[in-house]
Amino acid sequence: MYRYFIKRILLIIPTMLGVIILVFTIMSITPGNPGRQILGSSAPQSAVDELNHEFGVDRPFFVRLGDYIWGIITRLDFGESWRTRQSVFVEINARFPVTLRLALMAIIGEVLIGVPLGIVAAVKQYSPADFISTVIAMMLGSVPGFWLGLMLMLVFGVQLSLLPTAGLSTPAHYVLPLMTLILPGASGLLKITRSTMLECIRQDYVRTARAKGAKEKSVIFNHALRNALLPIVTVCGINFAYMLGGSVVIENVFSIPGIGAILVDSINMKDIPQVMAITILFSFTFCLVMVFVDIAYSMLDPRVKAQYQAAGKRVKKVKSGEVAA
Amino acid sequence: MPNELLKIENLEIVYKTDMETVHAVNGIDLSIHEQETLGLVGETGAGKTSTALAILRLLPDRTAKATGRILFQGEDIAAMSDEALRELRGGKISMIFQDPMTSLNPVISVGHQIAEALALHNTQNKTKEEIEARVEEILELVGIPANRKNDYPHQFSGGMKQRVVIAIALSCNPQLLIADEPTTALDVTIQAQVLAMMNELKERLKTSLLMITHDMGIIAQTCEKVGVMYAGEIIEYGSVEDLFEGKQHHPYTIGLFQSIPDIEHKKERLEQIDGLMPDPTNLPKGCKFHPRCKQCMPICREEAPGVYVEGEHRIKCHLFGGTSR
């Protein structure tokens, strides 16, 4: 099975390569002139040309792309930001931890709120608790994040003056951005938990558990929930990975110095090395989270584990075949 | 005569949804004595499984409503506390479910699923090691090597899964075992093995058995008493001898026997009972079998038949007159 996961991790490399080529191409074919963006419209053309020459953007596209990829492979060199003239990691190191912290807190909040409410809604289907939580989840799930953020700001920040609305300097500053992240995420999780739990508690093996004399609690948690966990884990993984990608809108609304905000700025400034570095970081974390989701699957479901083992074995056979040939 | 273990009086089960009302079981009376095997035979939809589930109070409580009384050792099951009910389920009465493919929890090892039943009814304060030893013992008893206890259901064949289901049911030495079509999902060779095993275990553990099936052959092999169910009623009841050797039968029972191939007589075509089971949402007036009955009389369309009694043999049919209940 370890082979399978090693294979999965190695598969990240071609994925990343694809992402690099794609984003680099898009950044290159979109209109805009890096030198002009940085120096401003009043700068003389000669200065702009000189700067562009320094960045190397006057070279052909394939040369630049090849150069960039070669730099990463051989020297792990992601370049310098054209705006700050510092390594791209300076911005990332300053801002990624903020986003990471926010995403971690948000995913924990989502799970703590969404999953238990989803279980209650499923176990007590058609009860008032089910009805209320489903309706609220539907409302929160269909509201755009920036609108929810602005409304929360308006109510708690402006009208009630209870909470600060910009930055992340004190714990109180975290409340509104976290609510804006958690509420829609938790409602999505609630819905998926409810529907998979409903499916599972109708299964024959749940009846078998009851017929054994198991307590209702154990029937719900040990028998039904364990089977319902796969889709829940998937949704959690995807939500978390997206939040790691920086909730651009939320960061803008609440003026949070996160990674999403700097990405948008860099795109606007055509700061290609910075954009590339952040995008690579996003896709890398996304791939990594998905591998963890896969590992979680294999721990939760022995059937999935067996599949992974079989997949690992197949690799082994092919390899030994190659050696023999 | 041995003591009466289970007594069902005038059991009625109605499934009510917004769309329709299904009359699954319509007033049945049954009793099972200690170490006795009672067979319930009938077509799909006759109410056999509903009756079995009602004994363990496993009917879905939102839609199903059971009236009448079910007494186990003189105690009304409907009036039991949750705790007493849990003790009953799996401890005193256990059930073998119809479909072994779905009756086992796919994410829990079979050994653990058996151990769970043992731990729940651990009246002798067995230690963990003793429970594990018992799990191995019971697996060997049903013909599965003990070293497979850590395997998961997906690693077993259908017949082996059914054995595991049986092992769970037998693990706590129940006084009454309800077997709901335990061999329907199995092929004939495995069926014979499983039946032989159940017979042997029944002898050894002195368990009473309620055998639910639609196979007359299984009835003949395992049962002492038989109830023939049709449209939620027991239309004929008696000892196996009454049913297989007796002269007087309900026309439905005759139809059932005629539809079994007879090895001693050459026949071009088997007799069949024309038509289908009546729609349980709209049961016919009078005798519920009259639309399909070859000996239907005018009175059958109007009045529900009384019960004709001869010793233990009871037939619910106008042909034999009988006393109204």
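Reader: How many salt bridges does the count between chain A and chain B give?

Author: One salt bridge, in what is a predicted model. The side chains of A:K212 and B:E116 form the pair, with N to O at 2.8 Å.

Reader: And how many residue pairs are in polar contact between chain A and chain B?

Author: Eleven, counting pairs in which both residues have pLDDT 80 or more. On the chain A side, helix 10 (204-211), helix 11 (216-244) and helix 15 (302-324) each supply at least two of the residues that touch chain B. Helix 10 of chain A has the largest share, six residues. By type, the touching residues of chain A are seven nonpolar, seven polar and eight charged.

Reader: What area do chain A and chain B bury between them?

Author: The size of an interface is often given as the accessible area lost when the parts come together. Here chain A and chain B bury about 2100 Å², with 60% of it on carbon and sulfur atoms. In chain A, the residues that lose the most area to chain B are A:R207, A:A211 and A:K212, together 30% of what that side buries. The contact involves 22 residues from chain A and 24 residues from chain B.

Technical notes:
Residues are numbered from 1 along each chain as its sequence is written. Chains are lettered from A and ligands numbered from 1 in the order in which they are written. This is a predicted model: local features need pLDDT of at least 70, side-chain atom pairs count only at pLDDT 80 or more; totals for chains, interfaces and linings use all residues. Side-chain values use heavy atoms; hydrogens and water are left out. Contact means heavy atoms within 4.5 Å. Buried area is the accessible area (1.4 Å probe) that two parts lose on being put together, summed over both. A salt bridge is a side-chain nitrogen of Lys or Arg within 4 Å of a carboxyl oxygen of Asp or Glu. A polar contact is a pair of N or O atoms within 3.5 Å; within protein, one must be able to donate a hydrogen and the other to accept it, and residues adjacent in sequence count only if both atoms are side-chain atoms. Helices (H or I, at least four residues) and strands (E, at least two) are DSSP runs, numbered from the N terminus. Ala, Val, Leu, Ile, Met, Phe, Trp, Tyr, Cys and Pro count as nonpolar, Asp, Glu, Lys and Arg as charged, and the others, Gly among them, as polar.
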